[in-house]
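Me: I would like to go through a structure feature by feature. Please give the general idea each time, then the case at hand.

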Amino acid sequence: MDSVSLVDMTASPPHAVSIAPVASGPEPMKFSPDGKFLAVGAEMGTPLATSNPLYHEHGLIQIYALTNKTLSLVATGQVGRWTEGIAWSRDGKTLLVQSDRDRIISVFDFDGQTLIAKPDLIPTGGPVAFGVPWQ
């Protein structure tokens, strides 16, 4: 079991205030523009050889709500293999998840509780990370 720790940087000394279990291989993470949600991409063994017992056919995106310095899981969706990048829209209602091995960008609508998968974007290149300006 992997985990993500929320650290209170205003405390002296800074310390973890919440530890949330996450799916296997968390790598990209990004807070929503309003800071209320944390998106965590999980590789789920997708970079491994298909013969490896830890290999899975897809990765996951998990959305955690941040309430009173506590992270709690609110939504999960399937994404491509080898998740590397996450970007939120400025309004926090759309989420993009880049998967390097499949060379796709998964698109989700998010209403604060549910992820709704939309058609994948298929770029001509293969970015391993990306971002969007919020301002």
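Reply: Start with contacts: two residues touch when they have heavy atoms within 4.5 Å. The model here is predicted.

Me: Which residues does L115 touch, leaving out those up to four places away in sequence?

Reply: L115 touches I61, I63, A75, T76, G77, L95, F108, D109 and F110.

Me: How many residues does the largest nonpolar core have, and which of them have the most contacts inside it?

Reply: In soluble globular proteins, nonpolar side chains tend to be buried together. The largest nonpolar core in this model has 14 residues. Those with the most contacts inside the core are I61, I63, L95 and L115. Two or more residues come from each of β4 (37-42), β5 (59-67), β6 (70-79), β7 (83-88), β8 and β9 (104-110). The largest share is that of β5, with three residues. Another core, of eight residues, lies apart from this one; L6, V22, V40 and Y64 are among its members.

Me: How many aromatic pairs are there?

Reply: Ring pairs are judged by the distance between centres and the angle between planes, and an angle over 60 degrees counts as edge-to-face. The count comes to two aromatic pairs. In one, the ring centres of F37 and F110 are 5.0 Å apart and the planes stand at 85°, so this pair is edge-to-face. F37 belongs to strand β4 and F110 to strand β9, so the pair links distant parts of the chain, 73 residues apart.

Me: What are the distance and the angle for W88 and F110?

Reply: W88 and F110 are 5.8 Å apart centre to centre, with 65° between the planes, and this pair is also edge-to-face. W88 is in strand β7 and F110 in strand β9, so parts 22 residues apart in sequence are tied together. F37, W88 and F110 form one aromatic cluster.

Me: Is F37 buried or exposed?

Reply: Under 20% relative accessible area counts as buried. F37 has 15%, so F37 is buried. F110, at 4%, is buried, and W88, at 1%, is buried as well.

Me: Where is T124, and is T124 buried or exposed?

Reply: The cut-off for exposed is over 50%. T124 has a relative accessible area of 89% and is therefore exposed. T124 sits in the segment after β10 (115-121).

Me: In which strand is S99 found, and what does S99 touch?

Reply: S99 is found in strand β8 (residues 94-99). S99 is buried because its relative accessibility is 0%. Leaving out residues up to four places away in sequence, S99 touches V79, G80, R81, W82, T83 and I104. A polar atom of the S99 side chain lies 3.2 Å from the backbone nitrogen of G80.

Me: In what order do the four strands of the open sheet run?

Reply: Strands of a sheet pair through backbone hydrogen bonds, either parallel or antiparallel. Here the order is β3-β4-β5-β6, and the pairing is antiparallel. β3 (26-31) and β6 are the edge strands, each pairing on one side only. On average, neighbouring strands of this sheet are turned by 20° against each other, direction ignored.

Me: How many bridges join β4 to β5?

Reply: Six bridges join β4 to β5, and these strands run antiparallel. As one case, G41 has I61 in β5 as its bridge partner.

Technical notes. Residues are numbered from 1 along each chain as its sequence is written. This is a predicted model: local features need pLDDT of at least 70, side-chain atom pairs count only at pLDDT 80 or more; totals for chains, interfaces and linings use all residues. Side-chain values use heavy atoms; hydrogens and water are left out. Buried means under 20% relative accessible area, exposed over 50%, partly exposed in between (1.4 Å probe, protein chains only). A polar contact is a pair of N or O atoms within 3.5 Å; within protein, one must be able to donate a hydrogen and the other to accept it, and residues adjacent in sequence count only if both atoms are side-chain atoms. A nonpolar core is a set of buried Ala, Val, Leu, Ile, Met, Phe, Trp, Tyr and Cys residues joined through side-chain atoms within 4.5 Å. Rings of Phe, Tyr and Trp (its six-membered ring) pair if their centres lie within 6.5 Å; planes under 30 degrees apart count as stacked, over 60 as edge-to-face and the rest as tilted. Two strands pair if DSSP finds at least two bridges between them. Axes are lines fitted to C-alpha atoms, for helices over the stretch in contact, and angles run from 0 to 180 degrees between N-to-C directions.
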